[in-house]
Each structure stands twice: as structure tokens, then as C-alpha cells.
Amino acid sequence: MAWVKFLRKPSGNLGKVYQPGSMLSLAPTKGLLNEPGQNSCFLNSAVQVLWQLDIFRRSLRVLTGHVCQGDACIFCALKTIFAQFQHSREKALPSDNIRHALAESFKDEQRFQLGLMDDAAECFENILERIHFHIVPSRDADMCTSKSCITHQKFAMTLYEQCVCRSCGASSDPLPFTEFVRYISTTALCNEVERMMERHERFKPEMFAELLQAANTTDDYRKCPSNCGQKIKIRRVLMNCPEIVTIGLVWDSEHSDLTEDVVRNLATHLYLPGVSQLFSFSSFL
């Protein structure tokens, strides 16, 4: 969600001031080929995102042990293309190996098949889940705590949601779950911008996080657990501090006309303390 400045060759004192996790990425930049009929743009987008995340890329590089699935091994295919990103002199690389591995992995489900378009965000999530199963196949994907699982150690947001009625005091049972991407509707986001304009507020870059927060909770209401007649907002609590928080903007239809509005309202950087307010935090963090 933030623009990152990518540098091919560090110069001056950049090597000294660069710190892991900073906004600077020292990864060499290369394109991925998408020949006519391949329709691999969704996969290429997901691979590029993973490559530009320094803490993920470095962690994947040092991992060797995994349960290999042969032609369907996304772990091997991702490591191969990352090595090509690092060492190849070509400006654009084919993503055929990981495209075939993805198609083979989801052959039974008929998803991500060769030559067919698919969703980039779903591809991103499924690559992360497959990496989990390659590393710790015996662990449940929802509540994995393995230190070697870079999927959960880097991306997993462990949450629970609950409804508490302020009128009668009734509460629902806490529902725990894990997610790798927090999805937000672009329609809800643009509606929040319109409300802001109606209040005659000027848009500032740091306000985008506030808009995300408001859009994130739009229509998050449920009936009171004791049926007292009240509608109450769902409370979500983040139980951990993931190293990477991924926000996905969802278009409500394939023919959405909100693209320009969303791009215009995106700040070049996100105000991270504001983004953290997408959730309540557990008191022990």
C-alpha cells in the first residue's frame, strides 16, 4: 500500500544507513513476462510483491528443508525465480515454472490454471498457504505457531471478533481466526471520502489511514446476542504483531468505475500508527 523507492546500486552512505524493515528495498528490479495468451499478470503481481518484501525474501533464502511436491512445488519454484531475480542479467524473466507449479497444485480445484485469468489477491494468499504446507505440513494453517513457518511468522494476523451489547450487556462467544490479508471495499472507501468532503475537510496524506479504518468497519453490525433489538458493531482484536500487514482493496464488481477515485485518494506513504487502528489491540501487547 505504500510506494517504495527501489535502488539498484547503493551509493554513498546508503549501505550504512539502511536497516532491515525500512522503507528502502535493496532488491534489484526486474519484470516478469506475460506473453499473449498466458494471462499470468495476476501471478506476476503476487510474485513481485513477495520479492520486494525484504524480510520475506531474506527469510525464504535461508530456508532449505521442506516437503517437496515435485512439479507442483511452489516453494521450489518461488526460490528459483527469486534466484533469477537476483542473478540474471535479463530485464524481464519468464514466470513459467511457478505458473506451472501453481496450476498443478490447484488442478483438482480447477483454479489458477494455465492460460486462464485469476485473482491476484487470492493468488497471493494461496502462495503463502502453500509455503506453509511445504514447511510444516502437519500444522493447521489457522493456528500455526512454528518458528520456521515464514508465512505465519511474517504475515499472519491472529484475531478474534466478538459482539458486546452496551444496552443489555450480552456478548457473543469470541471467534478466533487467522488472516493474511485484510480486505477493504473500494466502494466503502470512496463513500468515506465523499462524507469527508461533505464535512468540508481537506484531504491530507495521513488521513488515508483514517479512511481505511472507517471503511473497514462499514456495515459491521450484528443483532444483539440476546435479541434485545439493538444492532451492535463487531469488535475485532489483534492478538499478535505481524511483521507484514497486507491490505487488499476489493472492487465490488469487475466493471467498477472507482479506479481513478481510489488512485487519486491513495497517499504515497501510509501513516502507520493510523493503519494500526484498523483493529483493537490486545492489552498484553
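Guide: Start with contacts, meaning heavy atoms within 4.5 Å. Among contacts in the protein chain between residues at least 6 apart in sequence, 63% join residues at least 24 apart. This is a predicted model, where local features need pLDDT of at least 70, side-chain atom pairs count only at pLDDT 80 or more, and totals for chains, interfaces and linings use all residues. Residues are numbered from 1 along each chain as its sequence is written, and side-chain values use heavy atoms, with hydrogens and water left out.

The protein chain has eleven helices and ten strands. These are DSSP runs numbered from the N terminus: helices are H or I with at least four residues, strands are E with at least two. Of the 285 residues in the protein chain, 41% are buried. Buried means under 20% relative accessible area, exposed means over 50%, and partly exposed lies in between (1.4 Å probe, protein chains only).

Now the salt bridges. The structure holds nine. The term requires a side-chain nitrogen of Lys or Arg within 4 Å of a carboxyl oxygen of Asp or Glu.

Take Glu109 and Arg130. Their side chains meet in a salt bridge, 3.9 Å from N to O. Glu109 sits in the loop between α5 (96-105) and α6 (120-135), and Arg130 sits in helix α6, so the pair ties together parts that are 21 residues apart in sequence. Glu109 is partly exposed, at 44% relative accessible area. Arg130 is partly exposed too, at 25%.

Next, Arg111 and Glu122. Their closest N and O atoms are 2.9 Å apart in a salt bridge. Here too distant parts of the chain are linked: Arg111 is in the loop between α5 and α6, Glu122 is in helix α6, and the two are eleven residues apart. Arg111 is partly exposed, with a relative accessible area of 24%. Glu122 is partly exposed, with 35%.

These two pairs belong together. Glu109, Arg111, Glu122 and Arg130 are linked in a network of salt bridges.

Another pair is Lys154 and Glu243. Their side chains form a salt bridge at 3.1 Å, N to O. Lys154 lies in helix α7 (residues 150-154) and Glu243 in the loop between β8 (235-238) and β9 (246-250), so this pair ties together parts that are 89 residues apart in sequence. Lys154 counts as buried, at 13% relative accessibility. Glu243 counts as partly exposed, at 47%.
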